[in-house]
Amino acid sequence: AQKITQTQPGMFVQEKEAVTLDCTYDTSDPSYGLFWYKQPSSGEMIFLIYQGSYDQQNATEGRYSLNFQKARKSANLVISASQLGDSAMYFCAMRGVQGAQKLVFGQGTRLTINP
Amino acid sequence: DVKVTQSSRYLVKRTGEKVFLECVQDMDHENMFWYRQDPGLGLRLIYFSYDVKMKEKGDIPEGYSVSREKKERFSLILESASTNQTSMYLCASIQGTYNEQFFGPGTRLTVL
């Protein structure tokens, strides 16, 4: 079975600082994908970044980067130069090889950016 | 722009009522999903469908059923709503193997 663990229920960060959101995973699949989603207070889930288990380099998308450490089974999200609009819930998710591309989600981290 | 829409943003129902939550995607995606989101638990998969008239149970299917008569539409049905089904319900769809899921805006359901 696949499992995602996010150990930080909430985080508070000053604007313009970098922030790291932790995510660890467990799977026996040889191939898998890891995702990060952002959920603002309005409720919609916004896709941020994707990392494949065989990707050689860490994924980056603008201010978002994924610190992928395969041996440690961690996939932390790094947000550089945080902005007030980054305040939201953040979910880490994993997809394995089988199962119609369904995702397993972590519990989420609520990030608050302070001015 | 890709789009997943859900029939209601907010819904209030009485215990015992039959409830329909509708989800429509305009991307011709094969796979569609229903999740519920509860604080501290993240998103949990209720049901998913990989083709018209095909469905599979997710992690928490009890008390729910689904219907997919057309490729673009995936309905979640609460046969007899109960207060423990008060939650946020999110629909999603995906095409292909290594793509992200696209989510609808969610339906916040309250069962009184």
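Visitor: How much of chain A counts as buried?
Guide: Of its 115 residues, 49% count as buried. Please keep in mind that this is a predicted model.

Visitor: What are the dimensions of chain A?
Guide: Taken along the principal axes, the C-alpha atoms of chain A fill a box of roughly 45 × 30 × 20 Å. The radius of gyration is 14 Å, which agrees with the value near 13 Å that a compact globule of 115 residues would have.

Visitor: Let us go inside. Which residues of the largest nonpolar core touch the most other members?
Guide: They are A:Tyr25, A:Leu34, A:Trp36, A:Ile49, A:Leu77, A:Tyr90 and A:Leu111, out of 25 residues in that core. Several strands of chain A each supply at least two residues of this core, including strand E2 (10–14), strand E5 (33–39) and strand E12 (109–114).

Visitor: Which strand gives the most?
Guide: E10(A) does, with four residues.

Visitor: Take A:Leu77. What is it in contact with?
Guide: Leaving aside neighbours within four places in sequence, A:Leu77 is in contact with A:Val19, A:Thr20, A:Leu21, A:Trp36, A:Leu48, A:Ile49, A:Tyr64, A:Ser65 and A:Tyr90.

Visitor: What about a second core?
Guide: A second, separate core has 21 residues, among them B:Cys23, B:Met27, B:Tyr47 and B:Tyr64.

Visitor: Then let us turn to chain B. How many strands does chain B have?
Guide: Chain B has 11 strands and zero helices. Its radius of gyration is 13 Å, close to the 13 Å that the globule rule gives for 112 residues, so chain B is as compact as a globular protein of that length. The C-alpha trace of chain B spans about 40 × 30 × 25 Å along its principal axes, and buried residues make up 48% of the chain.

Visitor: I clicked on B:Ile46. Is it buried or exposed?
Guide: B:Ile46 is buried, because its relative accessible area is 0% and the cut-off for buried is under 20%. The residue lies in strand E5 (residues 42–51) of chain B. Beyond the neighbours within four places in sequence, its contacts include B:Trp34, B:Tyr35, B:Ile60, B:Leu76 and B:Tyr89.

Visitor: What does B:Arg9 touch?
Guide: Not counting residues up to four places away in sequence, B:Arg9 touches A:Ser42 in chain A, and also B:Pro105, B:Gly106, B:Thr107 and B:Arg108. B:Arg9 and B:Thr107 are 98 residues apart along the chain, with their C-alpha atoms separated by 4.4 Å.

Visitor: Back to chain A, please. Is A:Ser53 buried or exposed?
Guide: A:Ser53 counts as buried, at 4% relative accessibility. This serine is found in the loop between E6 and strand E7 (60–61) of chain A. Not counting residues up to four places away in sequence, A:Ser53 touches A:Pro30, A:Ser31, A:Tyr32, A:Phe68 and A:Lys70.

Visitor: Finally, how much space lies in the largest pocket?
Guide: About 490 Å³. Of the 27 residues that line the largest pocket, the closest to its centre are A:Gln39, A:Met89, A:Arg110, B:Gln37 and B:Arg108.

Visitor: Which classes of residue form the lining?
Guide: By class, the lining has seven nonpolar, 16 polar and four charged residues.

Terms used:
Residues numbered from 1 in each chain as written. Chains lettered and ligands numbered in written order. Predicted model: local features only at pLDDT ≥ 70, side-chain atom pairs only at ≥ 80, totals over all residues. Heavy atoms only, no water. 1 Å grid on protein atoms, 1.4 Å probe; cavity = no way out; pocket = protein on both sides within 12 Å on 5 of 7 lines; lining within 4 Å. Points joined across faces, edges and corners; volume = space filled by probe spheres on them. Nonpolar A, V, L, I, M, F, W, Y, C, P; charged D, E, K, R; others polar. Core = buried A, V, L, I, M, F, W, Y, C linked by side-chain atoms within 4.5 Å. Buried < 20%, exposed > 50% of the residue type's maximum accessible area, 1.4 Å probe, protein only. Contact = heavy atoms within 4.5 Å. Rg over C-alpha atoms; globule rule 2.2 N^0.38 Å.
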